[in-house]
Amino acid sequence: PAFDSPLKEQAEGWNHFRYGHKRLSYNKNAVSANLAPTWQVKIAPGEKLTQPVANNGKVYVAAVAKNTLYALDQNTGKTLWTFTTAGQIDSSPSLWKGRVIFGSADGHLYCLNEDTGQLVWRFRGAVEDRQMTIDGRVESVWPIHGSNPIVDDTIYCLAGRTIFLDGGLRLSLIDAKTGELKSQVIHGDKDENDGIKVQLKNQGQKMVPGNSDILSFDG
């Protein structure tokens, strides 16, 4: 519905999980020594919340098990809009030029309009929409973490659980404006040079790391 809504200039703010795509966890803004609470709200009592991100007068936080992202007024804490997916949202969204971008355990990457919460585009991280049950929930065989680096207007999106299951991990580079796929690489459990499984090449000495996690970007 919001595909044609205009982009904005990228504003300074806490736009990503741990501040930026390098996950530095700090910025250089001055903070007063005299701090006092401005507001406090209960969004989803008893539910685990993600770390918040903030920009353009709004704060964004997800209730993980409720599969719901909340946009709050930064000055009052009032809920401005919500958006619910078919799977858990396990970490903070990324904010880019008036867009709110995040992955879900339903296997999709979402892009919303920051003012209205309307869907701009949705990208499926795997070749098919296949679901499974885990811990009493239904979610994709190839889930996507909530936080995704956005560098030079390109989103880096990793779908899957581990290189050892379900065809491996699928890394997609996506145009942040349109949601179109630029390129894709599959990281599987076989050596790319000779096709031999990595466990066999290690001869049981160690397990090759191959699990999905939140991506960091250093160039």
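Asp-152 is exposed, with a relative accessible area of 69%; exposed means over 50%, buried under 20% and partly exposed in between, with a 1.4 Å probe and protein chains only. This residue sits in the loop between β11 (150-151) and β12 (154-159), where strands (E, at least two residues) are DSSP runs numbered from the N terminus. The model is a predicted one, in which local features need pLDDT of at least 70 and side-chain atom pairs count only at pLDDT 80 or more, while totals for chains, interfaces and linings use all residues. Residues are numbered from 1 along each chain as its sequence is written, and side-chain values use heavy atoms, with hydrogens and water left out.

Most residues other than glycine have a negative phi. Asp-152, however, has a positive phi, near 50°. Tyr-19 also has a positive phi, near 85°. Tyr-19 belongs to the segment before β1 (53-55) and, at 23% relative accessibility, counts as partly exposed.

Turning to the aromatic rings, a search of the whole structure finds 6 pairs. Rings of Phe, Tyr and Trp (its six-membered ring) pair if their centres lie within 6.5 Å; planes under 30 degrees apart count as stacked, over 60 as edge-to-face and the rest as tilted. The ring centres of Tyr-60 and Trp-81 are 6.0 Å apart and their planes stand at 50°, so this pair is tilted. Phe-83 and Tyr-110 make an edge-to-face pair, with 5.6 Å from centre to centre and 65° between the planes. Here strand β4, holding Phe-83, is joined to strand β7 (residues 108-113), holding Tyr-110, across 27 residues. Phe-83 and Tyr-110 are both buried, and together with Phe-102 they form one aromatic cluster.

The largest nonpolar core has 18 residues, of which Ile-101, Leu-109, Trp-121, Ile-150, Ile-155 and Ile-174 touch the most other members. Such a core is a set of buried Ala, Val, Leu, Ile, Met, Phe, Trp, Tyr and Cys residues joined through side-chain atoms within 4.5 Å. At least two of its residues come from each of β7, β8 (119-124) and β12. Beyond neighbours within four places in sequence, Ile-150 is in contact (heavy atoms within 4.5 Å) with His-16, His-21, Ser-94, Trp-96, Ile-101, Ile-155 and Ala-176.

Conventions
Helices (H or I, at least four residues) and strands (E, at least two) are DSSP runs, numbered from the N terminus.
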